[in-house]
Amino acid sequence: MIVVSVTDPSTDAWSHAAATAMGEQREVALPDGSAIALNSDSRLRVSYGARYRSVRLLQGEALFEVARDLDRPFVVDAGMGRVEALGTTFAIRLDLDSIEVAVTHGRVRVYDRHAPVPGGGSPVGKTPTPAIVLARGERVVIVPPLAAATPPETQTVPMRELQRKLAWREGLLDFSETPLDEVVREVGRHTNLEILVEDESLRSLKFNGLFRIGDTGPLFGALNTSFGIDARYVDADTVSLSRRAQDAPGDHPVSHLD
């Protein structure tokens, strides 16, 4: 965990940097009453001034609960995307090849932070076109550049699904009809354990379950029970998933789980 705050009384400016380790979650309280929840292996910087509130999500995932302030826009930069809050709660997930924005309350505007604005100048405080407006229960997955000929499609998501995706705030991973390939990726975001799927046909299996982050034993046990998948430790940091061979008469399966 890394937390650094700096205040400059002469300019009424305040800055803050925070980061989480693998498997760690952290809450960051901001001076205006806003709050940020950081997921595993995430980094961000916050800058406040008399006329602005600016956040740069450098890595990972965060949930923002924004206090309304009409005189100071709350803007989050993540990769090529810029998200402007309109008094709201929303989540941003920054991956290597995409940006996901989901809104649980209020509305946000999403646009390419390098896009030109009407009349020129900086896009902060001004909305370039085209912009995507998301309301409660909506999400968008952006593959940069955002200012493409075909804008990304906005999706309506049931609130239960959004809550499931934010279960990490409670230290949990919640899967519902989730392909095993996605389960493995999500577990990999919260642990240093490398999980190898040896049989490609396993990747599309749909999986359900609620598990505590970092506790992989129950997950591997559920895979074994539900799908006949063996989890074998190749070494201390690597696990291989493969279909369990049919047991020969008189044989007993060997446990590979702690």
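## Starting from T216

The model is a predicted one, in which local features need pLDDT of at least 70 and side-chain atom pairs count only at pLDDT 80 or more, while totals for chains, interfaces and linings use all residues. Residues are numbered from 1 along each chain as its sequence is written, and side-chain values use heavy atoms, with hydrogens and water left out.

T216 has a relative accessible area of 13%, so it is buried (buried means under 20% relative accessible area, exposed over 50%, and partly exposed in between, with a 1.4 Å probe and protein chains only). Leaving aside residues up to four places away in sequence, T216 touches V187, L193 and Y233 (a contact means heavy atoms within 4.5 Å).

## The chain as a whole

The protein chain holds three helices and 19 strands. Of its 258 residues, 43% are buried. Among contacts between residues at least 6 apart in sequence, 47% join residues at least 24 apart.

An α-helix has 3.6 residues a turn, so residues three or four places apart point the same way.

Not counting residues up to four places away in sequence, L219 touches V183, V187, F207 and F211. L219 and V183 are 36 residues apart in sequence, and their C-alpha atoms are 9.8 Å apart in space.

In helix 2, the buried residues are L180, V183, V184, E186 and V187. Seen down the axis of helix 2, they fall within an arc of 165°, so they line one face of the helix.

## An enclosed cavity

How many cavities of 30 Å³ or more does a search of the whole structure find? It finds one. On a 1 Å grid over the protein atoms alone, a cavity is a set of points where a 1.4 Å probe fits but cannot get out, whereas a pocket is an open set with protein on both sides within 12 Å along at least five of seven lines; lining residues have an atom within 4 Å of a point. Grid points are joined across faces, edges and corners, and a volume is the space filled by probe spheres set on the points.

The largest cavity has a volume of about 70 Å³. Its lining includes T216, L219 and V187, and strand 15, strand 17 (206-212) and helix 3 (216-227) each supply at least two residues. By class, the lining has six nonpolar, four polar and two charged residues (Ala, Val, Leu, Ile, Met, Phe, Trp, Tyr, Cys and Pro count as nonpolar, Asp, Glu, Lys and Arg as charged, and the others, Gly among them, as polar).

## The largest pocket

The largest pocket has a volume of about 900 Å³. Of the 39 residues that line it, E61, R93, D95, E186 and R189 lie nearest its centre. Among the elements that give two or more residues to this lining are strand 6 (53-65), helix 1 (159-165) and helix 2 (180-188). Strand 15 provides the largest share, five residues. The lining of the largest pocket divides into 18 nonpolar, six polar and 15 charged residues.

## Two positive phi angles

Most residues other than glycine have a negative phi. D41 is not a glycine, yet it has a positive phi of about 50°. D41 lies in the loop between strand 4 (35-38) and strand 5 (43-48) and is partly exposed, at 31% relative accessibility.

E177 is not a glycine either, and has a positive phi of about 50°. E177 lies in strand 15, and its 48% relative accessibility counts as partly exposed.

Note on methods. Helix = DSSP H or I, 4+ residues; strand = E, 2+ residues; numbered from the N terminus. Arc of directions from axis to C-beta.
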